[in-house]
Every structure is written in structure tokens, then in C-alpha cells.
Amino acid sequence: MAEKVRISVNVNGVQHEHEVEPRQLLVYYLRETLGLTGTHVGCDTSQCGACTVNVDGKAVKSCTMFAVQADGSRVTTIEGLAKDGNYHPVQEGFWEKHGLQCGFCTPGMIMAAVDLLNKNPNPSEGEIRHALEGNLCRCTGYQNIVLAIQYAAAKLRGEPVTGAVADD
Amino acid sequence: MYTAEFTYHRAKSLSEALQMLQQNPEAKLLAGGHSLIPAMKLRLATPPALIDISRVPELKGIRREGNTLVIGAATTYYEIETSDLIRQTIPALPEAIEQIGDPMVRNKGTIGGSLAHADPAADLPAVVLALDARLKIQGPSGAKVVDVDSFFQGMFTTAVGQDEILTEIHIPLSSASPSAHAPTQAVRMAYEKFPHPASRYAVAGVAVVIGVSGVRAAFTGAGEHAMRLSKLEQALSGKPLDPQTVEAACQNLVDPAQLMGDHNHSAEYRAHLIDVLAKRALLRLV
Amino acid sequence: MADVTKMVGKAIKRREDPKLIQGRGTFLDDIKLPGMLHAAVVRSPYAHARIKRIDVSRALAYPGVVAVFTGEDMMDINPMPAAWQAGGVKSNAVTPRALAVGKVTHVGDGVALVVAEDRYTARDAVDLVEVEYEPLPAVVDARKATEPGAPLLHEVAPNNICMEWECGSKEKADAAIAGAEVVVKEEIINQRLIPTPMETRGCVARYDVATGEFTLWMTSQAPHVHRLLLTAFVFGIPETKLRCIAPNVGGGFGQKIFCYADYAFTMWAARKLGRPVKYVEDRSENYKASTHGRDHVTEVEIAGTRDGKVTGLRVKTWANLGGYFSTIAGGIPTTLYGRITTGVYKIPAAHVKVWGVYTNTAMVDAYRGAGRPEASYLIERMMDRFAAEIGMDPAEVRRRNFIQPQDFPYDNGLGMLPYDSGNYEPALNKALQMVDYENFRKEQAEARKQGRYLGLGISSYVEICGVAPSAWIGAVGQGWGAGLFESANVRVHLTGKVVVTTGSLPHGQGVETTFAQIVADELGVPYEDVTIEWGDTLAAPFGYGTYGSRSLAVGGTAVHKSVQKIKEKAKIIAAHMLEAAPEDMVFENGKAYVKGSPDKAKTLAEVALQASLAYSLPSGVEPFLDETTYYDPPNCTFPFGTHIAIVEVDTDTGKVDLKRYVAVDDVGNIINPLIVEGQLHGGIAQGVAQALYEHGYYDEDGELRSSNLLEYAVPTAAMLPRYELGHTVTPSPVNPMGVKGAGEAGTIASAQAVMNAVIDALSPFGIKHLQMPATPEKVWRAIQNSRQMGQAAD
Ligand SMILES: Cc1cc2nc3c(=O)[nH]c(=O)nc-3n(C[C@H](O)[C@H](O)[C@H](O)COP(=O)(O)OP(=O)(O)OC[C@H]3O[C@@H](n4cnc5c(N)ncnc54)[C@H](O)[C@@H]3O)c2cc1C
Ligand code: FES
Ligand code: FES
């Protein structure tokens, strides 16, 4: 077995120190070593985005990064997004706008959406769809995900938002 | 999904990275990891050691040196996309990068990784060919600067040797005036891409640059590696660049026999796409 | 019912979501048991080969490997069962064993099982198992596989034909076609799709050595069915020795209905090794070894008159079954396809012949819509071909042939149960109005003059929902030889809180919310006081699970019926408490009282308390409010509607741009519009994906070329349009709530709307048909061909 490497990572505000095998992917470090199973694995070719987390302020696919690469980094996972029992506006948007069905893609979608809104607080529908190209959802057909992100964007800009309503 | 075993070495400096390469002759450099790790997960690549160069300071950053733009090899796509200097000098470069993969890929992937990997379907190889870039490569016995035209040598093969590291990408800004901030004086480039519906890589992509000495154009996605569109460059040489000339020039630019094809996109179709994309890219500039 | 809560009909957000948006759901791979081992499978790289020798010694010697097994080791369990053989199965269906024995029939067929301390080690050791194969010639196309000289997969199935089935009247159809004014003939391919739920499949098996009991956590749409099949058929043990638990399931779309070999080998290994074993397939394995959908080759003729009446339909379909017969593969291309090929039209003479064929590909079974999308695509494409042939507007041709409102219940002559209710023209008209049809045709003509190619495609569909009636689906020799009812238990605890346990197995359909809405309204209790449980065979009554859009129409009705029983019993107990006669009682808004005196009422909570304390109950009345219903509906429900797509084709590249998508659906009464819309969006997305992007493609040698998400184009947000939805409401007379179901309508309606639009856009080039998916190169080539033949409009 290859020599283990000592890493120190801050995950959701908690500092962790572990000896890891170099080949352990960040996603399995989070899921299996730390028990943070909200980050999912949906593919083996880095396409689906179910594993998206935030590393040092940017969204990354945690299946396409080794845990050793995160040494010294700050990681936020879906479990760390809500603050003081309050949902992040993107989480709230997904709930209000029915932006999820089976919920498997949802943690990754939400983390990607947070990244988008950090970079662009007022995205157009086209920009939202473009920004989601690394996240696959098989259930929703994406429309309500787009609405959820628009809801969150408005809320983050301090504009009024409306909750769950049907389309017609 | 689970890679084979390897040892991990993180380099703190360029010299340390070079040293590590000497000590681990079969090692692979790890930059953004977004070509290497997917290959390792499918066990298409099983390097015994990885040398992480993503934190090597000498490989990071974007600066201007006179009439040349210098981009460190380990600079991420995201850093290039959001660089003011690049937006001012080559506004089409962020636009091209915007079409690579997805935001997560662009947050991690690096320009040097893309060029050194030389994936036949990658975008930036065509772009740097059109931009007439020069590549700085550091080896155990010093640095060399190679012309982009001799950089790509085959499928996944470049002028970078096993014991060498691509350190910088130099892009001439000669067609833009040195103090230029206005987009009209920036490098006139356009990149048109036809993405694969699943992988998002290029089925075909064409980059064109209109410079003081004429048109440079290159394609990717269909050949063994990105290549110049010399037929197009010649057809336009010395001609006024108007839509009619462009239209007439963008015919049968590459021979399908030289291209690769698969069940979704045959070589013949890709050759046709190159004509269409070249035309569209040029028409955006004339 | 008077309106106190009125949850039904409201767009309330889902109660399943808080967990999921915080990453606190429990999906299969999140389960970790003490001492758990990890399994990985050695899979065949060959499409068709004899296994000459397997040497596991190097793998066994690898540190961390606990055991390596082959198919020969597992001969003490039976092959997987064929649960739905349908009418025409000619020979014993050949189902897979836990691992292949002697021979492999498709790329990805399991050959050996490695069990190790962790998943990395298991994967390492897979490469160390040495298998010697003798490759055999392969065949992947269903029609070609039946031709003389084709490679033979199974001795028991000459010409690779596993089943031969027909419905309708051959004489009538032949006569109608022979004497018709117009006959249009076409070859229509419904390409192979890979369902791709975002969570792959897997299971964790635990065996209790002391009691001989298994527990199996599984990514399953139907845990009760799996328990039955795995115990009674595969392991030959009493049903009570297996508990099946489905945690959160990350999408199914059919793929998680079936009884897979991996359940069997994981259980077998857990028993053998006395330790829990986990098996989770990766995406590439999901693509190679879990079931696919569709894959029909069809020759079809439609006949009619010049004034637009369709008079006959004759269909021959070669349905690909893959390398083995999957659990309910027999029912999909027969009962769920053949019997509904005439769609929303009154076609007096129709005949459908189907061959189910083995090929060297992954097994084919139900995928969202299961048979009905294939049928709907076929008839809707042919209606357009027919309309074009006689030069009539495609909307008008549809109108002239619709089954009329007074025709219901309608018998289509193909052995289908009678369509329950419908009114097809208003849905068509509404959709046409939403796209502003007249105006579009003008715009289209204008655009063509400028060399821009717009197209509009109509799809009027009917589908079968609430797939259930046991008298039909269970009929021996035709159906699947078992009932298909659904169950629900409703209990009112002494605090007045209501607990519902259902045999349905929701995995994204919002059933937890919908069922709670129904119960809250019917019982007049706060919505928050209703809890819905499912997914564990130990806790839930026997049920057949969630697929075939059955959860609401069948499972929901079972809940509804149990609630009615609770109300009846509550009235009896309340009458006793009020010293009144039960027959004078009413139950309304959560209270029971004597008719005319609502002021002296007993609340449900008071009655529940009385029923629990039980010291003073009317004689002969059992304590507790606890009622179970096994609901077997008299009929299926038949949702319908019209979808319209508008596309623009880039003739330079062949790329199709889907500009608008309008859907008018009639799913009967709606419990929660938010959820219904979500189901329709997702369904439409999958149909659009079939029309434009997805293809589970095998080359001639049986290599799966679309073997992962790098090649198989599951669409992203940027590849799909905004959906514009409209509704008409025709309540179903089949169930008391008048619901029909909405889980598959979107998928069933959409592919042909898009394809009809593509062909409409290309009609100036003389193009009459293209096979799906309409990829850029395919479209571009069709245009090139027509230009070369001088057909061009430009
Ligand atoms: C989902 C997905 C979609 C993608 N889509 C696209 C796309 O549309 N277009 C596109 O162009 N690319 C695409 N990519 C690839 C992506 O752009 C990669 O990030 C890039 O090609 C490689 O850069 P990297 O920094 O990640 O390199 P790494 O993966 O770290 O390295 C790649 C190779 O280059 C070598 N290397 C790296 N840096 C150096 C150096 N400085 N000197 C010498 N050798 C070096 C490594 O040893 C390795 O062999 C996609 C990737 C993914 C995962
Ligand atoms: S698991 Fe699919 S992209 Fe990471
Ligand atoms: S909600 Fe199921 S995959 Fe997105």
C-alpha cells in the first residue's frame, strides 16, 4: 500500500487531521472518513456533478480531486450550508420551487448554484442553464431548478420572492 | 472509479518539482487534475507517482511583458476568464474558455495542463495555435522556448519531455497597440466550437486570429491533435476580408481522410463542420 | 365535503425535501454496517463468448481480499425469475444466474465476484482475476438476430426468438390495407435508451447466522416484489427469512423494478462469509449491466381514405430483449405496447405482431413509459406520414379520427381494457391555441423564404396509468401471473396522530406529500399530523411498488379506502360515546356527530383515545382505529393530451434547436399541481432526450459505444427548453378521487412531438422520416442527400 499522507482540512468549520491514502478521492474522504454522506457519487467520468462541494470558495467536483490535494483547504459541503438553522437561500429556493424530486443530484446542484450566485448575483435564465452544464438531473427537467436559483438570486439581492405556486 | 495506487509528492517550487521528476521518472505531473484523474479513475492511466504542481508559485499568474502576455502554466481557466488584463488584451480568450466543460472544470483545470495533455478534442490547443503563442519549457538543464507550431506532435504528445515542465505560455500582442485598453485595439480573435452533447469536448472547434500580418487559423476536435488551417490562411492571404471572400474560402478546408470519426460524428461530417465553424468565426470578425 | 383544511388541489411544497436539501437523506451507498465487506464484479469484455477457465488465485492472494467466487460456486441458488412471461413466450425464458456459467451473452455480463475489506482493494483485485474466453460471433440487432445463420445465444430459443405474440385481427387489417385508397409504409426504429437514474443501483446484504434471516437494503422501486422473488424463486427459503428495505432511492425510471443478479450474489456472499456485503455498481457498470429500454425495429403500414379517415394499421415489431430475459421483459413490448398502438384514434382494423428476440446486448425491460412511448411514437409518426401523404393538415387528420367523448368506455379491439374516459379534441385545441397555430404557419412560410427552417410537431396521446387490475394483468398465460393491487394501512394513534403505511415505494414522485394531503382532507386532521411510511417489508403491508404511474391511482386509492373504513369505525364508536345510533352519524371535518347536531361532536382524537383506552367500546367492536386495504382497481386509467414542439433546424450543421414546448395534459383530478407539473417536466425531458440526444449504441461486434456519461448524452439544463403547460380535467370514473396519474405522460407524449417538428421543418427537402435520435449529423446527411437528389427547396 502506498505511503499515507497526513492532511489537515477544515470542513464546514471543523478542523480535521487524517492520514489518508493518496488515492482516496475527496468525495470518499468526506463520505467515508468524515461520514458526510450528503455529497453523492453519480458517475465515474466527472460528468454528473452530484459530488460538487466548495473548496476555498469555489465549486469543485470532489470525485475529481484527491483528498491530499485539499490539504490546508476550507471545504463546505451541503451539510454545512445552512447557518444557525436557517436554510441558505438556494436551499430555500429548491424547496419552494420544487427544484428536486428524488434529491440525489440536489446537493451538487445546490453547491453549483451557490458558486454561480457568488460569481454572478443576477444571472439570466440562459446564464443559469449554462452554469449548470456540469450537473445532471434526471428527474426535474431543470425548469424548477432554474426557478429555484432565480428565487435565491432575488432573495440574496434583497428583492421580494414568492413561494410555491403552480405554473398555470 | 477507484484509481490504482500511487505515491503523492507536492512540489513547493519549480526546482523541487523538477527534482521530483528526476527521482520519479515514471511520475506524472498533477496540475488541475481534470484530465489526469478521470483517466486514472477509469484506469486508463496508472502512474506510480504524482507530483502536484498546482501550488508552485512560479507557475501561477498572468502578466504583461512589453508586447507579450505571459500566462503561468498552472493558472486556472477561471483565473484567465476573470483576468482584467486578458479581457482587455484578448477579450475572445475568456469567451473561448467559457465553452470549456463546465464551471467546476474551469475552477480547477489549468491552461498548462490542457496544452501539455494535448487531448485531440481540447479547445485551447487550437486557440494558442491561432494566437501564435510560444511555450516555455523548463528541464533539468535549463529552459527552452518553443514555437507553438512545433509544440503539438501527436495524439497526447507534445514537445514537453518526460523530465520537463511547461512553465509559461507567451502570447504576442503585436496586433494590439501596447497601451491599448479599448477592445477594438485588442487581439482580434474568435473561437467557434461544436461541443459533443455528452462530454462537452469539441467535436470540432476553429480559432481564427486576424493580425497585422494576416489570418492565422487552427482547428481541433477532429485530427490527431490541433492543427493550423493553412489552406484557409493561404486562401485569405492578401485578400480583402469581406463576407464573400470568407464564404468562398471556407470550402473543403481539411481532407476527411486525415480526420477521426465515430458513430455520432464521422470524419466527413467533422470536415464539414470545420468549414462552417471557420466561416462563422471569421464572419464575427469582418 | 365542507372546506376546513382543503389540502387537495393545493400547490404545497413537499415534505420530503428538508432532509434532501440538507444532504441528510439516506441513500443506499450511505449505509455502512460494522464489519461490512465490499464486492466488485469481474465483467465480460466480450459480447458473446464461452468461458474456458477462470483463475482466481492471484486475486485471492491480494492483501485485503476476503474471497473470490464464480458462477459455479453459486449453483445452489436458482436463476432469476421471469415474472411476466406474457402470452407468447415460446420456450422457457432464459434468465440470468447470479454470475454467468459457461458462457457470457453480453459485454458486462458478470463472471466472478471479488469480496474485499474496502472498495479500492476489491477493484484492484478485479484486474487480477484471469478469465480465458473463447469469443463467439455476436449479433445486436433484433431483426437480424432472427435471420437464418445469425449467431445463436440460447439453444432453447431457435433463431433467437423467445416470444411471438399478436393482438388485433390480422384478417381485418389485411383487408383494410388491401382495399385502401392510401397506404403509407415505414420502417420505424425506437432506439435503445439507458434509463440513467442519477443514483446507480446497489445493495447491502446482511445475514444473521443465528436466525438464518437476511436483511437486504436495496435501490428498489418494489421491495415486496423483490422479497417474494428472491426467496420463493432464487433462494428457495420462506419469504419471512428476508427483510427488504429501500432507503431513499435516487431515481428509478423502471430500472430499479427488476430482480437483478447482484441482489442474489450479494446475499449469497453475505451468507457464505457471515459478514455484511455491499455492492454498488459504478456508472459504467450501470450502463453495461443494468437494464436498458425501448429498442424496437418496426415495419408499419397505415391505410386510409383521401378525406383523412384512417381505416387500418398493420404492425410488425422486433423487440430486443438483450442477452437474457429480464424480470418483466415479456409484458413491455406486448401488453403495454401492442394493445395501445391505435392510440387516441378509432381505427377499425388493426393487427400487431411482436417477436421478442435475444441479442448480445444488455437486457431490455421497462423504462419510463414502458411500451407506451413506443406505441405512441409509432402511431403519431404515422399519423403525420399519412397527413403528409394526403396533403391534409396534421391537426385536422387527428381531429377526424379521434375517439369521441360518447364512445367511452372505449374498446380499441386490441385486447386492452376499455379506455375509462376522455375528451381528446379540447386538449388538442388548447395546445394549438397556446402555440398560436395559424400564426405559426405564417411565420414558418416567411422564414422558409429567408432560408430558415422552422417546424411544428403535434403529438396527441393516450396512456395507461394505474397499471393494476389483477383480473387483466394477472391473467394466466397473458398477464404476469400475479396480482398487481396496492396496499395501505391507516392507523390513528391515541394522540390523534395518523400514520399511513403504504406498499408504494416513492422515489421522487412526492407521494409522501400527496398521500398526506389526501388523508388530511378526508379525515379533517391537520396535514402536519399525518405521517407516511414505506419502504420496509417488515413494516409495510404487501404491495407491488411504484412504477407504471400507479402510486396515486392505485396506492392513493388504497389509502383513501382505508381512511373511509376509519371514518366508518369512528362513527360507530362516536355513536356509542354519544349514545346515538351509528346510522344517524355523520363524519365531517374531523368530527363525528349526529346528523343535525354538529355542536355535540366527538373529534377524531377523542374517538381515537376512546378506541385505544378501549374500556367502553360498543360490543363486537375491536379496539384501535387501524384499517388496511388491498385495493385492486376495476380498470386502469387513461390520461391523455396533446403536446406540441416547435423547432428550428440549422441546415449548415444539422443541429436542431427546440424553441418551444407546449403540453396540454389531462391527468384527471389533481391533488398537488406543483408535483404534477414536476412529473410532467421530467417526463418531457426524457422524451426530448430520446428524440434529439440519447442512444444506447452497440457496434456490430456487440461493444457498447455509449458506455458511460462521456458518450451517452443525458441532456443538461442548456439542452432543454422551458416547458409551457396547460391542462384539461376529465376525472377518471375508475377511482373515487377521479385521479389518473402523471408519472409517465410526459415521456410518452414528447419524443414524437419533437420528431414530427423536425420532419415538418425538413419537409421542404422532401424528407419524410428520420430515425431517432435526430443528431446533427443525421439531419445534415438527410439534407445533403436531398440536395444531391435535387429535391432541395433552396
Ligand atoms: C467533465 C469535464 C469536461 C471537460 N470538458 C472540456 C472541454 O470542453 N474542453 C477542453 O479543452 N477540456 C475539457 N476538459 C479537460 C479540462 O480542460 C482539463 O482540465 C485540462 O484538459 C487539463 O488541465 P489540468 O490542469 O486539469 O491537467 P491535469 O489533469 O492535471 O494534467 C493533464 C496532463 O498534463 C500534464 N501536465 C499538467 N501540467 C503540466 C505542466 N505544467 N507541464 C507538463 N505537463 C503537465 C499532466 O502530467 C497530465 O499528464 C474537461 C474535463 C472534464 C473533467
Ligand atoms: S460523481 Fe459525477 S461528477 Fe463527480
Ligand atoms: S432530483 Fe433526481 S436526479 Fe435531480
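**Exercise 1. Work out whether A:Arg129 is buried or exposed, then find its charged partner.**

Step 1: In this predicted model, A:Arg129 has a relative accessibility of 7%. The cut-off for buried is under 20%, so A:Arg129 counts as buried.

Step 2: Now look for a partner. A:Arg129 makes a salt bridge with A:Glu125, and their closest N and O atoms are 2.9 Å apart.

Step 3: Check where the two sit. Both belong to helix H4 (residues 125-131) of chain A, 4 residues apart, which is about one turn of the helix.

**Exercise 2. Find out which parts of chain B are tied together by the salt bridge between B:Asp149 and B:Arg228.**

Step 1: Start with the contact: the closest N and O atoms of B:Asp149 and B:Arg228 are 2.9 Å apart.

Step 2: Place each residue. B:Asp149 is in the loop between strand E7 (142-147) and strand E8 (152-154) of chain B, while B:Arg228 is in strand E14 (residues 227-228), so the bridge ties together parts that are 79 residues apart in sequence.

**Exercise 3. Show that the salt bridge between A:Glu32 and C:Arg119 joins two chains.**

Step 1: Grab the distance first: A:Glu32 and C:Arg119 have their closest N and O atoms 2.7 Å apart.

Step 2: Then read off the elements. A:Glu32 is part of helix H1 (residues 26-33) of chain A and C:Arg119 is part of helix H3 (residues 119-126) of chain C, so this pair joins two chains.

Step 3: Compare the cover. A:Glu32 is partly exposed at 27%, whereas C:Arg119 is buried at 7%.

Step 4: Step back for the total: over all chains, the structure holds 88 salt bridges.

**Exercise 4. Locate C:Phe325 and say how far its C-alpha is from that of C:Asn92.**

Step 1: C:Phe325 is found in the loop between strand E14 (310-322) and strand E15 (349-358) of chain C.

Step 2: With 1% relative accessibility, C:Phe325 counts as buried.

Step 3: Along the sequence, C:Phe325 and C:Asn92 are 233 residues apart, yet their C-alpha atoms are 9.7 Å apart in space.

How values were computed
Residues are numbered from 1 along each chain as its sequence is written. Chains are lettered from A and ligands numbered from 1 in the order in which they are written. This is a predicted model: local features need pLDDT of at least 70, side-chain atom pairs count only at pLDDT 80 or more; totals for chains, interfaces and linings use all residues. Side-chain values use heavy atoms; hydrogens and water are left out. Buried means under 20% relative accessible area, exposed over 50%, partly exposed in between (1.4 Å probe, protein chains only). A salt bridge is a side-chain nitrogen of Lys or Arg within 4 Å of a carboxyl oxygen of Asp or Glu.
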